[in-house]
Amino acid sequence: MNFRDLVRLLGDGEYRSGEELGERLGVSRTAIWKQLKKLEGLGVTLEAVRGRGYRVSPPIELLDGSEIVGKLPHAARRRLARLFVEMQLDSTNSFLLNRFSQGAGHAEVCFAEQQTSGRGRRGRRWETPLGGGLTFSLGWRFDSPAAHLQGLSLSVGVVIAQALASQGVDIELKWPNDLLLRRGDGELAKLGGVLIELQGDAEGPCEVVIGIGLNVLCAPKLEGGKGLPSGCLGEVNRGLSRNAVAAVLIEHLTAMLERFGSEGFEPWRSRWNQLHALSGCAVNVTLGEGGYLATALDVDSNGNLRVREGDTIRTLAGGEITLRPLSD
């Protein structure tokens, strides 16, 4: 029995009996019951009504590779080498890093409905509810030296914002790689983030895997983290299709990556500064065990954030630096 087929049957909002599920999937009711327990173990709410059967509530839209590709314009299809849609992986980033080790990986995209070892920045574990978000990675090979890829994660943030604006959702960005939603009361909530892993020669070529976690209909758990509350795109547009969002993200990201190798971060710098959620705000800058209070300014041509501490302008260059608003 294909577990994905069971989720599709239960996720359309209709009640289905154990007998019907067994007949349609060609297995016993005992096998169905075991899979239902597995589904509940993934955090899915399963409704059971005597005489009617089971259903998943709210309904789940599973990712569908054919549907995603079908929504891509011709130019984006040309840029995409291969699309993987997996039910469960340890990590989509690890999957594509392994693809590169096999001589593939470039212009490949991998989505996973569930990650068992997904990770956010600084090794934090990222858990996404089944059907609630998008967890995926995109691989790209650059001929440029690694130093020329500065600002790549910020460019990714800008084009994600552009893609989501086309779906009726406006987001903001927090340096270096957070995607934020500003709620009606002005509160900022974290929608997701970007994790970039790079391998190859310092002088080029370089192989890059861009991992993205995005809360679409519900928020995941980020273990070991403090800071902003979690939010989701569904707070703004409840009718979003995960497959449609997946397609528009692939379209915008691959277009940006084609340009980035030759043009770098500069074409996206101005827009990033416009989307900078903490521009002009008092922030707490943490470096290892120490830190200081400052005012966030803008980013430079390399994607480094400038902050003002008293009368001194400092430049933050990523690494193990955490930036939080004082109200956080």
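Predicted model: local features only at pLDDT ≥ 70, side-chain atom pairs only at ≥ 80, totals over all residues.
Helix H7 (residues 152-165) packs with helix H8 (residues 242-263). Their axes lie 9 Å apart, at an angle of about 140°. H7 is therefore oblique to H8. The crossing of H7 past H8 is right-handed. On the H7 side, the contact involves Leu152, Ser155, Val156, Val159, Ile160, Gln162, Ala163 and Leu164. These residues meet Val245, Val248, Leu249, His252, Leu253, Met256, Leu257 and Phe260 of H8. By class, the contact of H7 with H8 comprises 13 nonpolar and 3 polar residues, with no charged ones.

Across the whole structure, 4 aromatic pairs are found. One of them joins phenylalanine 111 and phenylalanine 136. Their ring centres are 4.7 Å apart and their planes meet at 25°, so the pair is stacked. Phenylalanine 111 belongs to strand S4 (residues 108-115), and phenylalanine 136 to strand S6 (residues 133-142). The pair thus links distant parts of the chain, 25 residues apart. Phenylalanine 111 is buried, at 0% relative accessibility. Phenylalanine 136 is buried as well, with a relative accessible area of 1%.

Phenylalanine 142 and phenylalanine 260 also pair. Here the ring centres are 6.3 Å apart and the planes stand at 70°, so the arrangement is edge-to-face. Phenylalanine 142 lies in strand S6 and phenylalanine 260 in helix H8, so the pair ties together parts 118 residues apart in sequence. Phenylalanine 142 is buried, with a relative accessible area of 3%. Phenylalanine 260 is buried at 1% relative accessibility. Ring pairs link Phe142 and Phe260 with Trp268 in a cluster. Phe260 is also among the H8 residues that meet H7.

Notes:
Residues numbered from 1 in each chain as written. Heavy atoms only, no water. Axes fitted to C-alpha atoms, helices over the stretch in contact; angles between N-to-C directions. Helix = DSSP H or I, 4+ residues; strand = E, 2+ residues; numbered from the N terminus. Parallel < 35°, antiparallel > 145°, perpendicular 65-115°, else oblique. Left-handed = near helix turned anticlockwise from the far one by under 90°. Contact = heavy atoms within 4.5 Å. Nonpolar A, V, L, I, M, F, W, Y, C, P; charged D, E, K, R; others polar. Phe/Tyr/Trp six-rings, centres within 6.5 Å; stacked < 30°, edge-to-face > 60°. Buried < 20%, exposed > 50% of the residue type's maximum accessible area, 1.4 Å probe, protein only.
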